[in-house]
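Please look through the structure shown below, and then follow the explanation that leads from a single side chain to the elements around it.

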Amino acid sequence: DLAPLLAAGERTVLVGRVPVVPSGFTEIGRGTGDQMVLEDVPAMAGAVAAARERPGNGALAVVTLGPDDAEEMRALVGHARPGPFFERTHELGTYVGVRDPDGTLVALAGERLRLPGHVEISAVSTHETRRRRGLASIVVAEVAARAVARGDMPFLHVAHTNVAARPVYEQLGFRRRCDVAFVSITAG
């Protein structure tokens, strides 16, 4: 069923307990991680308030990103490398970001996978020169709050190797649900 959706050379990622590479596709890479679900909304509010209190963060605005921001989004995600983000990933849902006063996009997060009543938060990225300021907390909380407001349960995936991100998500009220495996494949 996947074959007609991808042109030769196009990439996608399969997620599951043990994803199997279908016939006609080539594996590019694989990894493991945790699926985390937002279970504590009040914790999210407290974590964002703490992030906003850090010097310089109170005046930063979260902005909705659109098609005109796509190239800059891909550059930041490519630099931060949180996981798969392809040329049109930003079209899968709403993405938000934080810009420095000079206009540079320094943090972003958005929506990717949707299931009835659930939405995945993805592409959580912070520029390396702006890390440890709480910007990831701010953008993740914005995406999560929007999802909760419309009745969706936010969830996300974090690679086992991404030890810095896990405590951020836990402070925001996300809790581990299960192990997941990822396999990146290409058509043809």
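The side chain of Glu120 makes a polar contact with the side chain of Arg112, at 3.0 Å; a polar contact is a pair of N or O atoms within 3.5 Å, where within protein one must be able to donate a hydrogen and the other to accept it, and where residues adjacent in sequence count only if both atoms are side-chain atoms. This is a predicted model, in which local features need pLDDT of at least 70 and side-chain atom pairs count only at pLDDT 80 or more, while totals for chains, interfaces and linings use all residues. Residues are numbered from 1 along each chain as its sequence is written, and side-chain values use heavy atoms, with hydrogens and water left out.

Glu120 is buried, with a relative accessible area of 4%, where buried means under 20%, exposed over 50% and partly exposed in between, using a 1.4 Å probe and protein chains only. Leaving aside residues up to four places away in sequence, Glu120 touches Gly110, Glu111, Arg112, Leu113, Phe155, Leu156 and His157, contact being heavy atoms within 4.5 Å.

Glu120 is found in strand 6, which covers residues 118–126 and has 8 of its 9 residues buried; strands (E, at least two residues) and helices (H or I, at least four) are DSSP runs, numbered from the N terminus. Strand 6 pairs with strand 5 (residues 105–115) in the antiparallel sense over 6 bridges, pairing being counted if DSSP finds at least two bridges between two strands. Ser122 in strand 6 is the bridge partner of Gly110, and in the hairpin of the two strands, which has 2 residues between them, Gly117 takes a positive phi near 80°.

Strand 6 also runs parallel to strand 7 (residues 153–159), to which 4 bridges join it, and Pro154 in strand 7 is the bridge partner of Val119. Together with helix 3 (residues 135–149), these two strands make a right-handed β-α-β unit, right-handed meaning that, with the strands pointing away from the viewer, the path from the first strand over the helix to the second runs clockwise.

Helix 3 leads on to helix 1, whose buried residues pack against strand 2 (25–38), helix 3 and helix 4 (165–171). These buried residues are Met44, Ala47, Val48 and Ala51. They cover an arc of only 100° around the axis, and therefore lie on the same side of helix 1, the arc being that of the directions from the helix axis to the C-beta atoms. At the N-terminal end, Asp40 caps helix 1, with a side-chain oxygen 3.2 Å from the backbone nitrogen of Ala43.
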